[in-house]
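Here is a friendly briefing to read with the model open beside you.

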Amino acid sequence: MGGEPNSDMYMSNEETVSPRRHWNETVMLQSLKTPTRLAALLIGALVLFLAMALPSVAQSIDDAIAKLTTDGYSDTAAAINALATSGSPRALPIVQALNDGKLQFSASDKKVFIVTATGLVEAVTGAPVATPPADISDVRANNRIRGLVNAALGALSLANPDPQKRIASADAVFKSRDEGALAALDTAIANETNSTVAIAFKAAKAAIILFKADAPVNDRVAAAQAIQLRGTQDAVALLRSLPADTPKPVLEAANASAKAIEYNLALWSMAQNAWYGLSLGSVLLLAAIGLAITFGVMGIINMAHGEMVMIGAYVTFVVQEIIRTRFPGLFDWSLTIALPLAFMTSGLVGIAIERTIIRWLYGRPLDTLLATWGISLALQQTVRSIFGANNREVGSPSWMSGSFQVGQLSITWGRMWIIVFALIVFAGLIAILRRTPLGLQMRAVTQNRSMASAMGIPTAWIDALTFGLGCGIAGIAGVALSQIDNVSPNLGQGYIIDSFMVVVFGGVGNLWGTLVGAMTLGIVNKFLEPVAGAVLGKIFVLVAIILFIQKRPRGLFALKGRAVES
Amino acid sequence: MDIAANSILYLDGVAVSFDGYKALRGLSLVIEPGEMRAIIGPNGAGKTTMMDIITGKTRPDEGEVLFEGSTDLTKLDEATIAEMGIGRKFQKPTVFESHTVRDNLVLSLKDNRSPFATLFHSSTEEQDARIDELLTTIKLTHRAYDLARNLSHGQKQWLEIGMLLAQEPKLLLVDEPVAGMTDAETMETAALLREINKTKSVVVVEHDMAFVRELGVKVTVLHEGAVLAEGPIDYVANDPKVIEVYLGR
Amino acid sequence: MIISFLIKGLDRRTAICMLVLLLICAAVPLSNAYLPVGHPFRIPTDEMLQFGKYGSYALLAVSLDLVWGYCGILSLGHGAFFALGGYAMGMYLMRQIGARGVYANPILPDFMVFLNWKALPVTWYGFNWFGYAMVMVLLVPGLLAFVFGWFAFRSRVTGVYLSIITQAMTYALLLAFFRNDMGFGGNNGLTDFKDILGYNIQADSTRRGLFVATMLMLCLGLWVASGIVNSKLGKVLIAIRDAESRTRFIGYRVAEYKTVIFTISACMAGVAGALYVPQVLIINPSEFSPGNSIEAVIWVAVGGRGTLIGAIVGAVAVNWGKTWFTGQFPEFWLFALGALFVAGPLLLPKGIVGSISDMLAKKKSSQMYASLPATSEAVEDGASPTVE
């Protein structure tokens, strides 16, 4: 992921956002929290500085600058060509200034200046000039120069060393469909090694040819097909905006191309929904998986489960606060440090609750429900008294910020890690239950308490540990959820109904059912959202689950038979 | 179909499995009207599952279950089956603990079972007389106004039988009626069941061989969800297959 | 038939309780109306309102006790029926505002004008008639309970599963009523009421009238509930609570009984909501929040489930405590409430009334209070899941 922060920096700071990336930019800006953005800025500045310091580039620029100060058209023409091939980052602003008539020179100082909104600056260094030299005058241009400037501008931006900028200029050409850029595009395509950029170039060229009324019909048909490569919504708009008097084969090809792109886009948007669904599903899984132990395996209705999640989130907050004030360098490790602490804290709180209250209520599920609800109220108020009622800021470590692109899919690292994390927790829990002595004893106790007790298993302790495990996992979930939700005393309340729905839907006592249940609910929810809206979608899901429970009272993967009923 | 038509209860080829475990595999059984039948078998033979299927609690995967030769019990729910005249006594005595003995019988008395009818119900003289009669039968007159939860284990068993009788069923299914009873109580229960059998058909599931012998009726031995042997107790008890099942292999 | 049903409902405890309620119902408004301000026995209007509110809560608690205490159905969604009844009343009060609203639209309530709606939604038709609104107060919660119960009880969803889906039901309604396009005022709900039956809703005399109405409805509710639990139907309910499958094998259609009592109870809760709204002068979606429903459960638990009177005692006691606590120690109210939830089941499983009548029963004989619930183990049959 080494190259990623750089490109993010360019996108967010320089506002040269390519259309194909535009729609996910907001997502990325959100995920880029302030400290990381600052860091990215600094790195960017450093890169810029290094580029300017390169001697060979400086050499060719200096030659060109010298020629600009002679006030002769042929020297100016030579300077423009030199600038166009210099590869210097300053070349573009200089040529641009010449194009805009804002380039001035001083023959005595042998220097060139650019007129900007804030005053005169030195063209090569970009440093402001306080007092302009006495002999300053405009660099003059005639038609030949203007033609050269145009071509140089196109070539310069198309030959920018930064691939993102090349794409941006290709996109600009795609939009403007300026026929003058054709030559530069051809050169650029011939020289391009980056396949993504090459596609942008080809699409830009195709756009020009498609709209070039005097181009051969065959070429235009081919161009219409080539635009398909671009595959974005604005490509569809472009293809659909052909004038009505365009030759029929071209129109037909454009239409077919647009349809193909739309079909492709629809597929990608489904993939995006599925991805969001998986992401929501993994959040639900994290919230519900501890409950799958306490409720699913032990049969304890723990209404304070959400508060265990909340405690985990507050542990993260406290860990980050300490790191911020004492060990700022460890910030990227804050979540890793918080994980075991959250597990321990929530787990211990859980064990305390089990030992003091719940164990007196075994066999009385409805009373347990009420008592744990009371505990949840008390825990919320405790946290409110200590940390206040407002949301607390929990930051994201750098490895959770940013995003990457898979086709048309934008995948943020935050979501990615939460999904991975949820699956790791799930696998870990399965492993604990299947492969450790604790898991074996747990299963023994839940299946036949008196038999387990007779065999010397300390059932009371196993109960406490099992409950603690479920609560501890809720705490771990809290660490992850602190990254995507507001850390407030009410954090847990938002998850409790959803968690119960997941566990009941998946089938009580079945961890795999919880996994499938969480993912199904997440995906269904996200597919309903675009159709019905977020709230209505959620209502639909709730109603659907209520109906489902009536159909299969014991969930998707319920156990059957006499043993379950009695 | 003749056999079916003349029977009060007719099971043919009944099979059911739970998550791959075959609780019943092709169970066939015919009870004639007025008959008392004892059903014995080791644990897991499928006795309780058979009761569940007859009373509508469990649906069989395959097979026929007919009541009075024509009614298909596999399509009906518990309440309908009970109203048609099949009463069931559970293995563990289940009476309504927070009701009095009398109220337990009032609830069980054959009457309109709809919520509207019970809401505006008031007992008639005949019903009161019938309950007094039942209390005498089950020897609980002196405890009529005590809460059922305060009865002894044996009294609860008897109350449950009384509740069964109050329903006026045509067929009684009795699951281990003498479990946990003293010898004297066991003999009395046997006498009570024989008395009941004068007017109703009875199916008794029991482990206690002495009790079954005391009943002196045709015995069906279940094993692994199917009938292993059938006949008088002495005949069955000498069947080598039965001995093998009971005494181990 | 109905008379004998009501006579049966008047057992000694119920009769005493109703007498007390009727006395309060007469004394409080009289003292408020005729004693001079500042007189030590005068009950100020705001205090009377407070107790009127408790009265509507008490009716909700009685309705909840009917299903939970007597039939073992722990509904965590009774607040939804309460709120639906409240909304029906609120819609009537909204229509009574007429052209006196901010936008002075004679037909459309303010929030609809604000949302640029041109016509009254069908759901609002008829609510300008008090009678129609009162029918809806019973019908809407009743219908929801009937449909919900019919599906849930027929497929034998019991115990905590039922509790969880009732909670999901009220949660779904909460989300739905937050939406503006539902046409019930979105998250602001319905408020700014002016008149009820032509009387100024803020006038002291109207508030006395509302107090009397609340107390009378509470009495009626208690009477009906008592009639139900003393009937044979009530005995069947207790039988279902203690041994559901046994009841089924005796020939009772458990699902029908549960649906009937759930529906009756929901109608009662709706009436409670309808009495609540004109006294607090607002109804908004937060009434649907799951926490409210669970709080109502604790009133019943504290007072003593399966005693009816306990529900009234619990509702008044807990809410009085809440008012006191939030006034004196706002920080600690949630701790106190949490402690009640924990201590109730743990230390006082039968609640205040249940424990007192237990003590009395020990002195006399054990027969008097057959209606107290059995030990909680028996209440649930087969609700706790196990892994095989």
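Predicted model: local features only at pLDDT ≥ 70, side-chain atom pairs only at ≥ 80, totals over all residues.

Helices (H or I, at least four residues) and strands (E, at least two) are DSSP runs, numbered from the N terminus. Residues are numbered from 1 along each chain as its sequence is written, chains are lettered from A and ligands numbered from 1 in the order in which they are written, and side-chain values use heavy atoms, with hydrogens and water left out.

**Where chain A meets chain C**

- Contact here means heavy atoms within 4.5 Å, and it takes in 47 residues from chain A and 48 residues from chain C.
- Between them, chain A and chain C bury about 4,500 Å², with 74% of it on carbon and sulfur atoms; buried area is the accessible area (1.4 Å probe) that two parts lose on being put together, summed over both.
- On the chain A side, the residues losing the most area to chain C are A:Leu366, A:Leu370 and A:Gln550, which together make up 15% of what that side buries.
- The rule finds one salt bridge across the interface of chain A and chain C, a salt bridge being a side-chain nitrogen of Lys or Arg within 4 Å of a carboxyl oxygen of Asp or Glu.
- C:Arg305 forms a salt bridge with A:Asp367, and their closest N and O atoms are 2.6 Å apart.
- Three residue pairs are in polar contact between chain A and chain C, both residues being at pLDDT 80 or more.
- A polar contact is a pair of N or O atoms within 3.5 Å; within protein, one must be able to donate a hydrogen and the other to accept it, and residues adjacent in sequence count only if both atoms are side-chain atoms.
- Several helices of chain A each supply at least two residues of the side that touches chain C, among them helix 13 (248-297), helix 16 (365-387) and helix 23 (534-551).
- Helix 16 of chain A gives the largest share of that side, 15 residues.
- The side of chain A that touches chain C divides into 30 nonpolar, eleven polar and six charged residues, where Ala, Val, Leu, Ile, Met, Phe, Trp, Tyr, Cys and Pro count as nonpolar, Asp, Glu, Lys and Arg as charged, and the others, Gly among them, as polar.

**Two buried residues in chain A**

- A:Ser376 is buried, because its relative accessible area is 1%; buried means under 20% relative accessible area, exposed over 50%, and partly exposed in between (1.4 Å probe, protein chains only).
- Leaving aside neighbours within four places in sequence, A:Ser376 is in contact with A:Met303, A:Ala304 and A:Glu307.
- A:Ala474 sits in helix 20 (residues 459-481) of chain A and counts as buried at 0% relative accessibility.
- Not counting residues up to four places away in sequence, A:Ala474 touches A:His305, A:Met308 and A:Val309.

**The sheet in chain A**

- Four strands of chain A form an open sheet in the order 3-2-1-4, with antiparallel pairing; two strands pair if DSSP finds at least two bridges between them.
- Strand 3 and strand 4 (137-138) of chain A stand at the edges with a single partner strand each, so one side of each is left without a neighbour in the sheet.
- Strand 2 (residues 111-116) and strand 3 (residues 119-122) of chain A run antiparallel and are joined by four bridges.
- These two strands of chain A form a hairpin with two residues between them, and A:Thr116 has A:Gly119 as its bridge partner.

- Strand 1 (residues 9-18) and strand 2 of chain B are joined by seven bridges, and B:Lys22 is the bridge partner of B:Ser17.
- B:Arg25 lies in strand 2 (residues 21-31) of chain B and counts as partly exposed because its relative accessibility is 45%.
- B:Arg25 and B:Gly225 are 200 residues apart in sequence, yet 5.0 Å apart in space, C-alpha to C-alpha.
- The side chain of B:Arg25 reaches the backbone oxygen of B:Glu224 at 3.3 Å.
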